[in-house]
Amino acid sequence: MTRYWPLLLSALALATPAAAQEARPDRTAFRTLYKELVETNTTLSSGSCTLAAERMAARMKAAGFADSQLHLFAAPEHPKDGGLVAVYPGSSKTAKPVLLVAHIDVVEAKREDWERDPFTLIEEDGYFYGRGTLDDKAQAAVWVDTLIRFHQQGYRPKRTVKLALTCGEETNGAFNGVEWLAANRRELIDAGFALNEGGGGDSDGKGKVLGQSVQVGEKTFANFRLETRNPGGHSSVPVRDNAIYQLSRALTKIDEYEFPVEMTDVTRRFFAESGAARGDETGQAMVALAKDNGDRAALATVDKDRFLHGNIRTTCVATLLDGGHAPNALPQRAGANINCRIFPGHSIESIRDELGRVIGDPGVTITQLPPKRPAPPAPLLDPKILGPMEKLVAKYWPGLKVIPSMANGYTDATFLGAVGIPTYGIPGMWGDPDGNGVHGLNERIEAKSLYVGRDYMFDLVKAYADTP
């Protein structure tokens, strides 16, 4: 998964963080921790999240954490997909803990494709390069560093602060550490709410922050297998009853179908506030749509933007295709994978049924493929959660607001929400307009983004921990 930068564009005032940018001694230790985490290969094919978790636990133990505060875990059948839960106790017996969560697995990266070794942290022209430098080892390193700094300072919070470093977020269907913890060690991660990836800032690509957002909710992920079957026969005697043609007609209907426009409180606020900040034609249309999602003229303008188009409806798209068994034979079978990103409030089964109605052909089977992810409700726009984010954004980036957004994709917040832990993707670090190579080549993060984001996140956790 995965970070999804909201579209907070040019009309937002440029802002320079108020925090000082000079080199600081405390950043040296953090950079060493960050370097070790990035340089630990945690890809599914050849890496080990377990090793990365062990290395972070060793750092925390060296900083003075007791063994009883550090909980390394790994399922026996997935020995390399382990993780770490750390607990920093608070003084209150009634305040629920806050959970800091970050995935430490990363997307595959081939050395021959990259300009630099993806598993060597390289600092160049004000950026850190390497797989996971942004998604999501930046956040993971900050969380570990935050608890270490708490311990070094002798800080005694009111709330207990928990940390979960987990594997499996980047690969749907792989062993997922958050899902495993929720099902098997719920008491370890029990919390009033969790802070996660998914929010963050946009910049102009030149170091100036344009906006900050908090992710509140996300779509549900589901894959469906469409399949047609036929007795087939010799290709010299073609018939209309052809499995490939039958499938293609079904795919065309899906391609031409638009799911209804919908809005939650979060997306409505995002459209209203982000649109007002933009001030261009698209921004004006966003504001109009927030007031009336039946405004067809506004919708026509908004739908020209791919992100916005997907942010207000369920989307289903063909991603894989197969069919036939020989070049000189009529196909006996054809199939396609349909990937759906389901708007909150709809079950996977209801979308499967809707696809069936759209296709209108009982000869096309529709099968939901495993794994089936939960579809929890979106967290509330809780002032007690959003308030500290807003206050600190105003301190670090004067003049900027925190705009709530909903992700078109998904994160591990899905599994936490399903067991009653509302999860928010926080502001702080920012990205460039080109996406910083996340999930692609030459992933990077601006050094200033990492360091200022670290300071913001430390202050944010402390603000929550100090509040009973």
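Modeller: A word on the labels before we start: helices (H or I, at least four residues) and strands (E, at least two) are DSSP runs, numbered from the N terminus. The model is predicted, so local features need pLDDT of at least 70 and side-chain atom pairs count only at pLDDT 80 or more, while totals for chains, interfaces and linings use all residues. Residues are numbered from 1 along each chain as its sequence is written, and side-chain values use heavy atoms, with hydrogens and water left out.

Colleague: Fine. Where does P371 lie?

Modeller: P371 sits in the loop between strand 15 (365-368) and helix 12 (383-396). The peptide bond joining P370 and P371 is cis, with omega about -5 degrees.

Colleague: And what about the bond from D135 to D136?

Modeller: That peptide bond is cis too, with omega near 0 degrees. D136 belongs to the loop between strand 5 (127-129) and helix 3 (137-153).

Colleague: Phi next. What is the phi of D125?

Modeller: Near 55 degrees, a positive value in a residue other than glycine. D125 is in the loop between strand 4 (122-124) and strand 5.

Colleague: Is D125 buried or exposed?

Modeller: Exposed, at a relative accessible area of 72%. The cut-offs: buried means under 20% relative accessible area, exposed over 50%, partly exposed in between (1.4 Å probe, protein chains only).

Colleague: How about N436, buried or exposed?

Modeller: Buried, because its relative accessibility is 1%. N436 has a positive phi as well, about 65 degrees, although it is not a glycine. Its place is the loop between strand 18 (430-431) and strand 19.

Colleague: Switching topic: how many disulfides are there?

Modeller: The count comes to 2 disulfides, taking a pair of cysteine sulfur atoms within 2.5 Å as a disulfide. C49 is joined to C167, S to S 2.2 Å. These cysteines are in distant parts of the chain, 118 residues apart: C49 in helix 2 (residues 49-62), C167 in the loop between strand 6 (161-166) and helix 4 (177-184). The link is right-handed, with 65 degrees about the S-S bond, and both C49 and C167 are buried.

Colleague: What does C316 pair with?

Modeller: C316 is joined to C340, S to S 2.0 Å.

Colleague: What pattern do the disulfides follow?

Modeller: It's 1-2, 3-4, counting bonded cysteines along the chain.

Colleague: Now charges. How many salt bridges does the search find?

Modeller: 29 over the whole structure. A salt bridge here is a side-chain nitrogen of Lys or Arg within 4 Å of a carboxyl oxygen of Asp or Glu.

Colleague: Which residue does E123 form a salt bridge with?

Modeller: With R31, the closest N and O atoms being 3.1 Å apart. E123 is in strand 4 and R31 in helix 1 (residues 25-38), so the pair ties together parts 92 residues apart in sequence. E123 is partly exposed at 44% relative accessibility, and R31 is partly exposed at 27%.

Colleague: And what does E258 meet?

Modeller: The side chain of E258 meets that of R313 in a salt bridge, 3.5 Å N to O. E258 is in the loop between helix 6 (243-256) and helix 7 (265-278), and R313 in the loop between helix 10 (306-311) and strand 12, so parts 55 residues apart in sequence are tied together. R313 counts as buried, at 3% relative accessibility, whereas E258 is partly exposed at 43%.

Colleague: Which residues are linked in a network of salt bridges?

Modeller: R24, D26, R27, D145, R149, R454 and D455.

Colleague: What does the side chain of E446 make a polar contact with?

Modeller: The side chain of W430, at 3.1 Å. A polar contact is a pair of N or O atoms within 3.5 Å; within protein, one must be able to donate a hydrogen and the other to accept it, and residues adjacent in sequence count only if both atoms are side-chain atoms. E446 itself is in strand 19 (residues 444-446).
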